[in-house]
Amino acid sequence: MSPLYAEKFRIPKHLEIADGAVVPSPVGEQPMMKTGNWRIERPVIDHEKCTTCLNCFIFCPDGCWHLDPKSEKMVWDAIYCKGCRICVEECPADALRLENELNFKGGVARLDKPY
Amino acid sequence: MADVFEITIWCRGVTQDMEGRHLSLVLANGAAKGGKFVQAWDNYADLPDRVQVPLRKYDRISDEEIEMRYLYENDHPQLVLVMDDTIIKGIDILRGMPKGGALVVNTKRSADEILSLIPNKDLLSSLTLVDATGIAGGTGLESVDFMGSEGGVEAVSVAVGLAAPLAGAASKVCDKFTLDNLVASAANKAGVKEGAKTAVVKTL
């Protein structure tokens, strides 16, 4: 364990584990695993119909839907959404529809060196 | 070593895997019929077996024997073929291309719309658009079948779907193979001819 962690957590010397075993858990976005470039069609939300039941949040395999606490609306992540269409299938309020990716200017998840 | 002409094909994983491979085989067979030395092979660097992941197929064409036997990626493709236009938005498809390369895209969209998605478009000397999906039929994303998905021995029924019109379009911008030789190599002969007829070449 690095001295920094040992000091922070005040672990007794005899309980310390070897260097390299403790890694910080990823809390932000993963810059090397952008999967937005897999997308052919993207889900487009109709906030009028959306009941914020959070089905899309629950079913999304990539965690691309979250509820914005300020506006209380669902927010979609263009960089990691693969366009798998699961959210569109699971939406009970019929608030999501699919549209071709090239109809939109934004949401480019381009990798300079793929993989 | 003689000049080696490099071709990279971009397609979608699983759904376009077979047609992408067939396109690389048809272009190689067409060039070989014209007396060139060729190599055609599948992706090794990409994720091959996930649905709709962008992946690559490669070709090399040369007048002399190709000595790059163990290099399995084309670092400097002079011709890039894209089987699905949305790939352009996600990937730097022209990476490594020397100035004056050619791009062939399967799309219904206009040349300006496609060019607006390419940040390094000054590398291109020509952009060729062909509606291969419309010519081949279907959505362009259903695989014709999964026969010989490991490469195997494929020589007879090669290029029945999307690959045929794209091969025809490629013959308009690349002098390494003739249209007649491509027609002779492909199963969907009408598709190759239709692709060559309807492809729109825009010189940049």
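B:Thr128 is buried in this predicted model. Its relative accessible area is 0%, against a cut-off for burial of under 20%. B:Thr128 lies in strand β6 of chain B, which spans residues 124-130. Leaving aside residues up to four places away in sequence, the contacts of B:Thr128 fall in several stretches of the chain. B:Leu103, B:Val104 and B:Val105 are among them. B:Ala199, B:Val200 and B:Val201 are also touched. B:Ala169 and B:Val173 complete the list.

Helix α5 of chain B covers residues 163-173. Nine of its eleven residues are buried, so the helix is largely enclosed by the rest of the structure.

Chain A was examined as a whole. Its secondary structure comprises three helices and four strands. From the N terminus, the order of elements is α-β-α-β-β-α-β. The chain has 115 residues, of which 30% are buried. Its accessible surface is about 7,800 Å². Carbon and sulfur atoms account for 56% of that area. Contacts in chain A were also sorted by separation in sequence. Of those between residues at least 6 apart, 65% join residues at least 24 apart.

Conventions. Residues are numbered from 1 along each chain as its sequence is written. Chains are lettered from A and ligands numbered from 1 in the order in which they are written. This is a predicted model: local features need pLDDT of at least 70, side-chain atom pairs count only at pLDDT 80 or more; totals for chains, interfaces and linings use all residues. Side-chain values use heavy atoms; hydrogens and water are left out. Helices (H or I, at least four residues) and strands (E, at least two) are DSSP runs, numbered from the N terminus. Buried means under 20% relative accessible area, exposed over 50%, partly exposed in between (1.4 Å probe, protein chains only). Contact means heavy atoms within 4.5 Å. Accessible areas come from the Shrake-Rupley method with a 1.4 Å probe; for residues, only the protein chains shown count as cover.
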